[in-house]
Amino acid sequence: MVSSASMPHIVLLGDSIFDNSAYVGGGPDVTAQLRLRLPSGWRATLRAEDGAVTSSVGRQIQQCPPDATHLIVSVGGNDALRHSGLLDEGARSVAAVVNRLGEIRERFEGDYGTMLDAVLASRLPTAVCTIYDAHYPDPLRQRLVITGLTIFNDVITREAFIRGLPLIDLRLVCDKAEDYANPIEPSVQGGAKIAAAIAALTTSHNWSQRRSAVFAF
């Protein structure tokens, strides 16, 4: 539980959705934009790392500041990228494709659930994010990516709801082309929208109740 005497200290865990400084051309990254949107006295620390996958978060937790009060997790996109070659493969049948997707889903479900349990072992208020849709200029590629990501986002939402965690749906937050610095990384504009959603969640969610809520603004 968070002590009423402690000032809130949000720690961002995961991948380049939060650690996007390399993609904003010298502009403010998500952490910097979050700090501007938090109430006076609140703090935000970045522990997310560009390139991280779900299994990387356990190490990030170990590096959390001792006075952390809230954890926000955005991870899974790089897990999906590891399987992106599947989008270009041929298939003997629809059943073969669905079976392969089912195998990928089951592995990610195990990895993501294990990661969330490790995060929750800290006993800190925690929220998670979905994987956003990305923005590929080729319409066919975009359709395939969005369809493939439903496998991963179904796992994220189910695992969050099973545990009564609030969720930021980045598919709805980053819904414009300008929200992306490249097909898979958030721009300054996208980062501002992500930061605003995190600030809204952490300052308004009733953390005393173990009940999921979806934030998409």
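**Cysteines, sheet and helix packing in the predicted model**

The sulfur of cysteine 174 lies 9.7 Å from the closest cysteine sulfur, that of cysteine 129, which is too far for a bond. A disulfide is taken as a pair of cysteine sulfur atoms within 2.5 Å, and the structure holds zero disulfides. Cysteine 129 is accordingly in no disulfide. Cysteine 129 counts as buried at 0% relative accessibility, and cysteine 174 counts as buried at 3%. Here buried means under 20% relative accessible area, exposed over 50%, and partly exposed in between, with a 1.4 Å probe and protein chains only.

The model is predicted: local features need pLDDT of at least 70 and side-chain atom pairs count only at pLDDT 80 or more, whereas totals for chains, interfaces and linings use all residues. Residues are numbered from 1 along each chain as its sequence is written, and side-chain values use heavy atoms, with hydrogens and water left out.

Helices (H or I, at least four residues) and strands (E, at least two) are DSSP runs numbered from the N terminus. Two strands pair if DSSP finds at least two bridges between them. Six strands form an open sheet with parallel pairing, in the order β2-β1-β3-β4-β5-β8. Strands β2 (43–46) and β8 (214–215) stand at the edges with a single partner strand each, so one side of each has no neighbour in the sheet. Four bridges join β1 (residues 9–14) to β2 in the parallel sense, and isoleucine 10 stands opposite alanine 44 in β2. Helix α4 (residues 94–120) lies across β1, β3 (70–74) and β4 (126–129), and runs at about 150° to β4. Axes are lines fitted to C-alpha atoms, for helices over the stretch in contact, and angles run from 0 to 180 degrees between N-to-C directions.

Serine 74 lies in strand β3 and counts as buried at 2% relative accessibility. Contact denotes heavy atoms within 4.5 Å. With neighbours within four places in sequence left aside, the contacts of serine 74 include Asp15, Phe18, Cys129 and Leu170. Aspartate 15 lies in the loop between β1 and α1 and is buried, with a relative accessible area of 3%. The C-alpha atoms of aspartate 15 and serine 74 are separated by 6.5 Å, although these residues are 59 apart along the chain. On the same exclusion of neighbours within four places, aspartate 15 is also in contact with residues including Ala48, Glu49, Gly76 and Asn78.

The axes of helix α1 (residues 30–37) and helix α7 (residues 188–204) come within 8 Å and cross at roughly 45°. The two helices are therefore oblique to each other; angles under 35 degrees count as roughly parallel, over 145 as roughly antiparallel, 65 to 115 as roughly perpendicular, and the rest as oblique. On the α1 side, Val30, Gln33, Leu34 and Arg37 meet residues of α7 that include Val188, Gly191, Ile194 and Ile198.

Most residues other than glycine have a negative phi. Arginine 123, in the loop between α4 and β4, has a positive phi of about 60° although it is not a glycine. Alanine 134, in the loop between β4 and α5 (139–162), likewise has a positive phi, of about 70°. Arginine 123 is exposed, with a relative accessible area of 69%, whereas alanine 134 is buried, at 9%.
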